[in-house]
Amino acid sequence: MCSLPAGGASICSCLSQSIEDSRKARAMKISILDDYHDTLRTLDCFRKLDGHQVTIWSDHVQDTNALVNRLRDTEVLVLIRERTKIHAPLLEQLPNLRLISQRSVYPHIDVDACTRLGVIVSSDLHMGTPSVSTAELTWGLIIAAMRQIPQQMAALKAGRWQIGVGQSLRGKTLGIYGYGRISRVIAEYGNTFDMNVLVWAREESLKKASADGYAAAASKAAFFERCDVITLHMRLVEATRGIVTAKDLARMKPTALLVNTSRAPLIEAGALVNALRAGRPGMAAVDVYEEEPLLDTANPLLNLDNVVCTPHIGYVTRDEYEIQFSDVFDQIVAYADGNPSNVVNPEVLPRARSRP
């Protein structure tokens, strides 16, 4: 309640109306795609979008026409990692779109088309923060695969008792391909389980691993030959696409495990399935696929007894969502305040689409 001298009530009323009009003027139409379990509205950080008109889609659609119908009036598009590809044919039919806000890398976004059309892309690459959720899942997959936990569970439910003999981790060699924020956590887990940690990565990353006390493999070939468990932790860029070849996999022990919670195209197309069928490596645990969501139950990875599969859930925890989407929503707030942040196409700023 305002406390003003005579005549002040009308001044207070005008001021309140002015603030409300300003708030409405700044309100934007925001669309969020692929929130499979309608989780984002339940997060504490969702309050950062108060005052905006937010539409959330919980199903997955990639068809351009369907997306155009959904996003025709959208000014700000929120993406959940790489679940939907945002390419030129779609962007060209979204004249109201001004900002795409997301987190992490953006191979699924046609950034050049965004720049050409005046659309800002904001994405916090979170280079300095560990991704504990992905590291935890990776370690869970390692234990599950080495001890055959999913297979033993399925056998028990089918009325069979102990279908095989698993492997312990202590004393084994843990190979980490790529050394960054996730790898550091994985290496710590390896130490805790008394494993021998071996790293293969770019020269700069190998120096970081060495500074942290971890050994580097003598060569890529030696890395694949020596390790009992190899886990991949690299960003997918053109230089890393297909970086793990059929020849690399053929060097692995028949008792070894390959884990991929990063990106499927890091491995040469088709090489992993063929290698598993040939027995080198003897096992795999994967959380990522060439096409996602993977709904084809005939996919070979889902039908091999020596593979443990999960549906790209490395980062999918409430705790990680709070961290990630706090950043994503902060980028929207910054844009609304006229100060776009984490802009990956800064050349667009002088000619970015303005709000009507």
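**A short tour**

Guide: Let us begin with Ala-66, which sits in helix α2 (residues 64-71); helices here are DSSP runs of H or I with at least four residues, strands are E runs of at least two, and both are numbered from the N terminus. The model is predicted, so local features need pLDDT of at least 70 and side-chain atom pairs count only at pLDDT 80 or more, while totals for chains, interfaces and linings use all residues. Residues are numbered from 1 along each chain as its sequence is written, and side-chain values use heavy atoms, leaving out hydrogens and water.

Visitor: Is Ala-66 buried, partly exposed or exposed?

Guide: Buried means under 20% relative accessible area, exposed means over 50%, and partly exposed lies in between (1.4 Å probe, protein chains only). Ala-66 has 25% relative accessibility, so it counts as partly exposed.

Visitor: What reach does α5 have from its first C-alpha to its last?

Guide: The expected span of a helix is 1.5 Å times one less than its number of residues. For α5 the expected value is 21 Å, and the helix comes close to that with a reach of 21 Å.

Visitor: Is α5 parallel, perpendicular or oblique to α7?

Guide: The axes, lines fitted to C-alpha atoms over the stretch in contact (heavy atoms within 4.5 Å), have angles from 0 to 180 degrees between N-to-C directions. The axes of α5 and helix α7 (residues 181-192) come within 9 Å and cross at roughly 45 degrees. Angles under 35 degrees count as roughly parallel, over 145 as roughly antiparallel, 65 to 115 as roughly perpendicular and the rest as oblique. Therefore α5 and α7 are oblique.

Visitor: How many disulfides does a search of the whole structure find?

Guide: A disulfide is a covalent bond between the sulfur atoms of two cysteines. Here the test is a pair of cysteine sulfur atoms within 2.5 Å. The number found in the whole structure is 0.

Visitor: Which residue follows α11 with a positive phi?

Guide: Helix α11 spans residues 271-278, and its buried residues include Leu-272 and Val-273. The elements covering its buried residues include α10 (246-250) and β10 (257-260). With a positive phi near 95 degrees, the residue that follows α11 is Gly-279.
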